Amino acid sequence: MNEALKFLKSTLRLPSSKFPPRPPPEALAKYISRCDDLYAWQSRERPADDTFTLHDGPPYANGDLHVGHALNKITKDIICRTKLAQGKRVNYVPGWDCHGLPIELKAFEKNGWERGQGVDPVKIRGAARGFAAKAVEKQMKGFRSWGVMADWAHHWKTMDKEFELRQLTVFKAMVENGLISRRHKPVFWSPSSQTALAEAEIERDWHVSTAALVKFRIPALVGGSAEPVHAVIWTTTPWTLPANQAIAINQNFKYLLVRSKKHGNMIVAHSRLQYLNEQLEEEAEILKVIPGNDLLDCTYSGLSQFGEDALNRPIIHADFVTEEDGTGLVHCAPGHGEDDYYALQEFISSGRVAIKAPVNDKGEYTDAASPAEPSLLAGKYVFDAGNKAVLDLLRSENALVSTYNFKHKYPIDWRTKKPIMIRATAQWFADVSKLKGDVLASLDDVSFIPGTGKSRLQSFVDHRNEWCISRQRAWGVPIPALYHKETNDAVLSSESIEHITNVVRERGIDAWWSDPPNDPAWVMPGLSAEDYVRGTDTMDVWFDSGTSWSLMANLDARNTQTKALANVYFEGSDQHRGWFQSSILTNIAFQKAMNPTTKAYAPFAELVTHGFTLDGQGKKMSKSIGNVVSPEQIIAGLTPQPPKASGKGRVLHPLGPDALRLWAATGDWTSDVTISDKVVTNVHKSLDKYRVTFKVLLGMLSDFNPQKLVGVDRMLDNGFLIHRIALLQLGEVVERVRHLMHNYEFHKALAHINEYLAKSVSSFYLESVKDSIYCDGDALRRDVAQTVLYHIFCQLQHMLGPITPLLIEETYDFTPEAIKDFAGHPHQRVWDPVSEEWLRDIAGWTEFDSHMMQINTCVKAAQERARADKLLGQSLACEVEICLEGYDVNAKDLTPEHMNISNWEDMLVVSKVKISSGNEEVFDQLKALRSAREAEEANQRAVNEVIQRSNATEGNELELSESDAKRREVFWDEEREVLKAAIARQDVNEHEGQAWAFCEWTELESATTEGRALAYVLVRPPSEDKCARCWRYAASKPAGADTPALCGRCQGVVGEIRSDQAKIEENEKKQAHAS
């Protein structure tokens, strides 16, 4: 008997695959290197006239990679791989932003230097270049380890000579177009960084300032006044008062002359009198009403300690004066306020007021703050000791009415996180106002994901008139200006820039600093080299990276740009005010300089933005908080789950870079993306699921010959509906996923993939075809099953290929050679739409699909009850009868065209299925019980609502909940009694000395009857013996005790195998006899 059973086992076609449960570390290096090979292959083989270009927004070459980098770079790679799967050639060249203050500060830190100590710029640049080069090398290694496919060999850096030359070419074009000028005006200034900043380099954070009400004396008030009168202003920056040059009012407001017992006569806006009284802590007496216009003829004076230009100052009208806060009179310092600067343009031009900003680069007062007695303020940091000194001085002169703490959002340096100021300095500006119309018009041709990106970028552009492009740093591209040694007048023309660019091309950009100051080579012909010196300002790093579009353009030819240079720009949402904006501004500026009358196009056809990474509590990741997660942690799994009581808890294990990639694709990156133990655990579970599924598929296809693929029509003609259904389900999910991947909705695509694998593959099809794959001989049914499995395998490779490319590389290595030769490499295949035959509707399928799931659920529930009573083991050890009421048992809405009983047996994984009309009396009793239960539950819900409205306690609610559960249990007991009676009227098989049956029931939507119909399933012991080969209970009792029982199918297969073996043995004997 044992020998017979061993022989039977040898006749089974059990799945065979060496696909491992997790990727070996040594294999990952091989799969990662193939990413470079794939990029090289597609650059050669895919058509150049169908190229998809994703232009890289350069990461900053500073520090280690974090999950923000991972989200950005991996999502870009998924986009590129999706386009590759669509048959396109991909052009993705990575870049790095290498200039700017953070890298310069790293150079200082590494060498022990301090800013302001006069360190040689050449040394600074050398150290910064070395640091950036190492950072680029380290980050590139990290990006490549994540399976990112790119042209790494030709990556670009903003510190590359060729890039800098292109940048100077774009800058020259903007100068030619009259967009670049130098002016002395207020700009954002960071004392902590000692440089000017652009709007994009500013953040806002909560800050507590000292708010103050300050009096300025008005010598002569219109209408006359016998007593001194003061204008009262409100400010949150008392440190700017030494630079005061005017007071602004709104000429449309009514003002009051009031008398304070402590502070005398003062002027305040009528609508702000209550606020003034609160600060005075008294009720000021109203003396008279003054029209706003009357104040415009007055002057006032500040403290004499602030210099002569603090005396006899004008009162002006300004629209920015409102009635929402303050006193209705606003202190104006054009050297420290942009609104003040523009409001006072007429007075500045006439010389009536000065652009005064007596603060140095470090944020300390200069001697000019208190000229007559510099020691009062000079050297004091304005945000601390300086502010206090000004308030003390005002208090000593009885000019301070009140002070209090004022919490508000205040601008800070986005790198140092310290307060900034507005400070007038000589800077270079790009005139954005001249470009607005063309820039905004170009956005109409751009697609935005998400759609809100358009209004966001429009708003930033629309509210920007100029761009401060100069920085006081050594590490950057120099603004190629020459300055007259005596007058400090600047020379910046097309000719001078062209001349300087040629010198840079010959000597390199560092020569601008390393060459002797009097080197005549830098001064263009026509100027006296002895009279000029090279400037030290560098360009804003946003100008550097913003001109990276030039890498895709021909700057030498004056040809017209007729479309976007790149298909996609993809970066974080903060780049609407950063790289997106600087890119479109410089690109449009260059186009208009080359061809002023032609339409200008944005450099991108599609602008896609992602959110930020947050921890499990929705907090932004920060080193200071301690919630930063590294990419390596996601790859490894954050926190291993504790073992269960059995000691067999699931332990997270490294799954390679695909775990990180799957995390990046799982979240909706158009908003903020969360990282938590739960999220990472789910990612690892999904990846484990993919690996298990591929292992099963590879095992079942180990002996498949793709030449035996079976067409859809043959499946239906031969009654293989279950396989046809599987193809329909596959086709539907593939088309949904293809659409979602095309639209970059990767998280939705994964949701569909995961649902499909759980419901249609693992729970349905793989279970249904095991018997055929393992036990069938060379039968058409097995060929059909392997055909569908082959299509599932290939399409799953397509669907997951862009997201988990290393996993797909691994599946290819373990793919049988016959399939490799037939299908080719999954990453090189074009992912075409599925055949229309797959999606063709199956008569009766739509309704049957729902019924099948309901009935399958009932069967599983009944089987579990049998297992709980230890009456059932494997699913095949039972038979199922499906009893129906309200159906014609032959109707197509339950048994669709091409459906037969064997399909039901395969789907339910049972040995036998019978469909009957059931018992009408049983159904009537079940319906009556269901109606009574629903009515009782509806009544109880109404009672609960009344109790809740009466503020029921938690205890009462708990009692009600328990009462509901007990009531439901009573109904279920009654239903079981009805079903037991039904069982008693059925033929119940005796199996292994036991007669048992279990029932479950459900309601079905019926197309052939009105309303709802009922079905109950009867699970009972099998009526036949167990087949020793396939384990189905479909065999007759064997003739002898030593003869294994076999079903009819297995008898045929074994007979064929024995016959084939006999023929082989006969041939061997003949060959032996002949020899």
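A residue is called buried when its relative accessible area is under 20%, exposed when over 50%, and partly exposed in between, using a 1.4 Å probe and protein chains only. With that in hand, here is a tour of this predicted model. Its local features need pLDDT of at least 70, side-chain atom pairs count only at pLDDT 80 or more, and totals for chains, interfaces and linings use all residues. Residues are numbered from 1 along each chain as its sequence is written, and side-chain values use heavy atoms, leaving out hydrogens and water.

**Confidence**

- Where pLDDT is low, the predicted coordinates should not be read in detail.

- Helices (H or I, at least four residues) and strands (E, at least two) are DSSP runs, numbered from the N terminus.
- Helix H11 covers residues 382–396, and its buried residues are Val-382, Gly-386, Asn-387, Ala-389, Val-390, Leu-391, Leu-393 and Leu-394.
- Those buried residues pack against strand S7 (202–218), strand S16 (400–413) and strand S17 (421–431).
- H11 lies across S7 and S16 and runs at about 160 degrees to S16; axes are lines fitted to C-alpha atoms, for helices over the stretch in contact, and angles run from 0 to 180 degrees between N-to-C directions.
- Just after H11 comes Asn-398, which takes a positive phi of about 55 degrees.

**The six-stranded sheet**

- Six strands make an open sheet with mixed pairing, in the order S12-S10-S11-S8-S7-S16; two strands pair if DSSP finds at least two bridges between them.
- Strand S12 (285–291) and S16 are at the edges with a single partner strand each, so one side of each has no neighbour in the sheet.
- From one strand to the next, the twist averages 25 degrees.
- Strand S10 (residues 254–260) pairs with S12 in the antiparallel sense over six bridges, and Arg-259 stands opposite Glu-285 in S12.
- Helix H7 (residues 273–280) lies across several strands of this sheet, including S7, S10 and S12, and runs at about 140 degrees to S11.

- S9 runs antiparallel to strand S15 (residues 330–332), joined by three bridges, with Ala-248 opposite Val-330.
- With strand S14 (residues 313–317), S9 pairs in the parallel sense over three bridges, and Ile-249 has His-317 as its bridge partner there.

**The three-stranded sheet**

- Three strands form an open sheet in the order S22-S21-S23, with antiparallel pairing.
- Strand S22 (490–491) and strand S23 (532–534) are the edge strands, each pairing on one side only.
- Strand S21 (residues 482–484) pairs with S23 over three bridges, and Tyr-483 has Val-533 as its bridge partner.

**Helices that meet**

- The axes of helix H4 (residues 101–111) and helix H5 (residues 121–145) come within 8 Å and cross at roughly 105 degrees.
- That makes H4 and H5 roughly perpendicular; angles under 35 degrees count as roughly parallel, over 145 as roughly antiparallel, 65 to 115 as roughly perpendicular and the rest as oblique.
- Helix H20 (residues 677–700) and helix H25 (residues 805–813) have axes that come within 11 Å and cross at roughly 20 degrees, so H20 and H25 are roughly parallel.
- Among the residues that meet here are Leu-687 and Phe-694 in H20, and Leu-807 and Ile-808 in H25.

**A close look at Asp-783**

- Asp-783 is part of helix H24 (residues 780–800) and counts as buried because its relative accessibility is 15%.
- Leaving aside neighbours within four places in sequence, Asp-783 is in contact with Lys-708 and Val-710.
- Asp-783 and Asn-705 are 78 residues apart in sequence, and 9.0 Å apart in space from C-alpha to C-alpha.

Notes:
Contact = heavy atoms within 4.5 Å.
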